Amino acid sequence: MAEPRRFGVGERVRVKVANPPWHTRVPRYIRGRQGSVERVHGEFPLPDASALGDADPPVEAVYVVVFRSDELWGPDGHPNDRISVDLWDSYLEPAPREDASR
Amino acid sequence: MAHINDVGGLHGFGPIEREEDEPPFHADWEARVFALHLALLRAEVYNMDEFRYAIERMDPGAYLAASYYERWLNAIETLLEEKGTLSDQEPPQPRPASAPSGDG
């Protein structure tokens, strides 16, 4: 039974800030960064749990989240570049309202 | 991630080197490691996420110095030992070849 999808295509999301000692599929360079949901892949077992041998891991939606280059790298980013990352639902939270215009 | 494999955005690694007409394996041992990994997955000795995590848990210096399939082999050895499938007490022994079947 999959967890409910909390986000839809076009929504602004922010990557939760965390530093787990275990396995996770969140690369450091997107922690706390905001992007937009471009696509929903479907539901998949959470690798953070599966990697520890959990035989019945939570099953969550996986989204393609697109980040602007300057969001990740500031002035060292390239204005034409977008960085897409596949992210599980629990890695994400809604983007703060005040930045909804970005 | 936050393990040594999480190098996105780091400077100093240089451009990705593309090899012309790269073969799938650069040595026979790499193909055996590939096959071994698939067999262990199929036998459900470990799953892909455990495998990736085992690679991430490598000593950072060893990880950076290792080639792609060296990392795979390292992870396989780690998991087999942790799961009790293989221990330091049992160094691999060559097995006698099986007799051909159906010769009766």
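Author: Contact here means heavy atoms within 4.5 Å. The model is predicted.

Reader: Which residues does A:Ile30 touch, not counting residues up to four places away in sequence?

Author: With those neighbours set aside, A:Ile30 touches A:Val15, A:Phe67, A:Leu72, A:Val85 and A:Leu87.

Reader: Where do nonpolar side chains tend to be in soluble globular proteins?

Author: In such proteins they tend to be buried together. In this model, the largest nonpolar core has 19 residues, and those touching the most other members are A:Ile30, A:Phe67, A:Leu87 and A:Leu92. Three strands of chain A, S1 (12-15), S3 (59-68) and S4 (82-88), supply at least two residues each to this core. S3(A) gives the most, five residues. Another core lies apart from it, with 15 residues that include B:Ile55, B:Ala66, B:Ala75 and B:Leu80.

Reader: In what order do the elements of chain A run from the N terminus on?

Author: The order is β-β-α-β-α-β-β, which comes to two helices and five strands. The radius of gyration of chain A is 14 Å, close to the 13 Å that the globule rule gives for 102 residues, so chain A is as compact as a globular protein of that length. Its C-alpha atoms fill a box of roughly 45 × 25 × 25 Å along the principal axes.

Reader: What share of the residues of chain A count as buried?

Author: Of its 102 residues, 40% do. Chain A exposes about 5,800 Å², of which carbon and sulfur atoms supply 49%.

Reader: What share of contacts in chain A between residues at least 6 apart in sequence join residues at least 24 apart?

Author: The share is 62%.

Notes
Residues numbered from 1 in each chain as written. Chains lettered and ligands numbered in written order. Predicted model: local features only at pLDDT ≥ 70, side-chain atom pairs only at ≥ 80, totals over all residues. Heavy atoms only, no water. Core = buried A, V, L, I, M, F, W, Y, C linked by side-chain atoms within 4.5 Å. Buried < 20%, exposed > 50% of the residue type's maximum accessible area, 1.4 Å probe, protein only. Helix = DSSP H or I, 4+ residues; strand = E, 2+ residues; numbered from the N terminus. Rg over C-alpha atoms; globule rule 2.2 N^0.38 Å. Areas by Shrake-Rupley, 256 points an atom, 1.4 Å probe, with all protein chains shown as cover.
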